[in-house]
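Dear colleague,

I am handing over the structure below, together with its sequence, and would be grateful if you could read the notes that follow with both in view.

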Amino acid sequence: MAFRPLHDRVVVKRLEGEEKTKGGIIIPDTAKEKPQEGKVIAVGPGGRDDNGKLTPLHVKAGDRILFGKWSGTEVKIDGEDLLIMKESDILGVVG
């Protein structure tokens, strides 16, 4: 990827949502909610504390994460729809 996030920013690719309900009903595209699960594509070097010391991030490229519904900024990089968000917007790592 030709993009490197700065500070405590993380680049995330959304994982696709479910196409059907558990009962077998097919969900049309217009009724689907945006998935709140994604895969970390790239991470920045980390933030700085009050003393200027670098604080590394807790997530790494390849992690599956959960994030808030309205988290991040949607961007298109190399033709791919991605999100850029702060590490503090991440709710947790899956698995």
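**Strand pairing**

Strands β1 and β7 pair in the antiparallel sense over four bridges, where strands are DSSP runs of E of at least two residues, numbered from the N terminus, and two strands pair if DSSP finds at least two bridges between them. This is a predicted model, in which local features need pLDDT of at least 70 and side-chain atom pairs count only at pLDDT 80 or more, while totals for chains, interfaces and linings use all residues. Residues are numbered from 1 along each chain as its sequence is written, and side-chain values use heavy atoms, with hydrogens and water left out.

**The hairpin and two positive phi values**

Strands β6 and β7 form a hairpin with two residues between them. D78, found in the loop between β6 (73–77) and β7, has a positive phi of about 55 degrees although it is not a glycine. With a relative accessibility of 62%, D78 counts as exposed, the classes being buried under 20% relative accessible area, exposed over 50% and partly exposed in between (1.4 Å probe, protein chains only). H7, in the segment before β1, is not a glycine either and has a positive phi of about 50 degrees. I point these out because most residues other than glycine have a negative phi.

**Nonpolar cores**

The largest nonpolar core is made up of ten residues, namely V10, V12, V40, L57, V59, I65, F67, L83, M85 and I90; a core here is a set of buried Ala, Val, Leu, Ile, Met, Phe, Trp, Tyr and Cys residues joined through side-chain atoms within 4.5 Å. Two or more residues of this core come from each of β1 (9–14), β5 (64–67) and β7 (80–86). Apart from it lies another core, of five residues, which includes V11, A42, I77 and L82.

V11 has its place in strand β1 and is buried, with a relative accessible area of 0%. Its C-alpha atom is separated by 8.6 Å from that of G44, a residue 33 places away along the chain. L57, one of the residues of the largest core, is in contact (heavy atoms within 4.5 Å) with D8, R9, V10, V43, G44, G46 and E87, leaving aside its neighbours within four places in sequence.

**Salt bridges**

How many salt bridges are there, by the rule used here? The count comes to six, a salt bridge being a side-chain nitrogen of Lys or Arg within 4 Å of a carboxyl oxygen of Asp or Glu. One of them joins E37 to R64, with the closest N and O atoms 2.1 Å apart. This pair links distant parts of the chain, since E37 is in strand β2 (residues 37–43) and R64 is in strand β5, 27 residues apart. Both partners are partly exposed, E37 at 21% relative accessibility and R64 at 41%.

A second example is the salt bridge in which the side chains of D63 and K60 meet, at 3.2 Å from N to O. Here D63 is buried, with a relative accessible area of 12%, whereas K60 is exposed, with 52%. D81 also forms a salt bridge, with K76, where the closest N and O atoms are 3.8 Å apart, and in this case D81 and K76 are both exposed.

**A nonpolar surface patch**

L66, L91 and V94 make a nonpolar surface patch of about 270 Å². Patches are made of residues with over 30% relative accessible area and no salt bridge, like charges being joined within 9 Å and nonpolar side chains (Val, Leu, Ile, Met, Phe, Trp, Tyr) within 5 Å; the areas come from the Shrake-Rupley method with a 1.4 Å probe, and for residues only the protein chains shown count as cover. V94 lies in strand β8 (residues 90–94) and, at 34% relative accessibility, counts as partly exposed.

With kind regards
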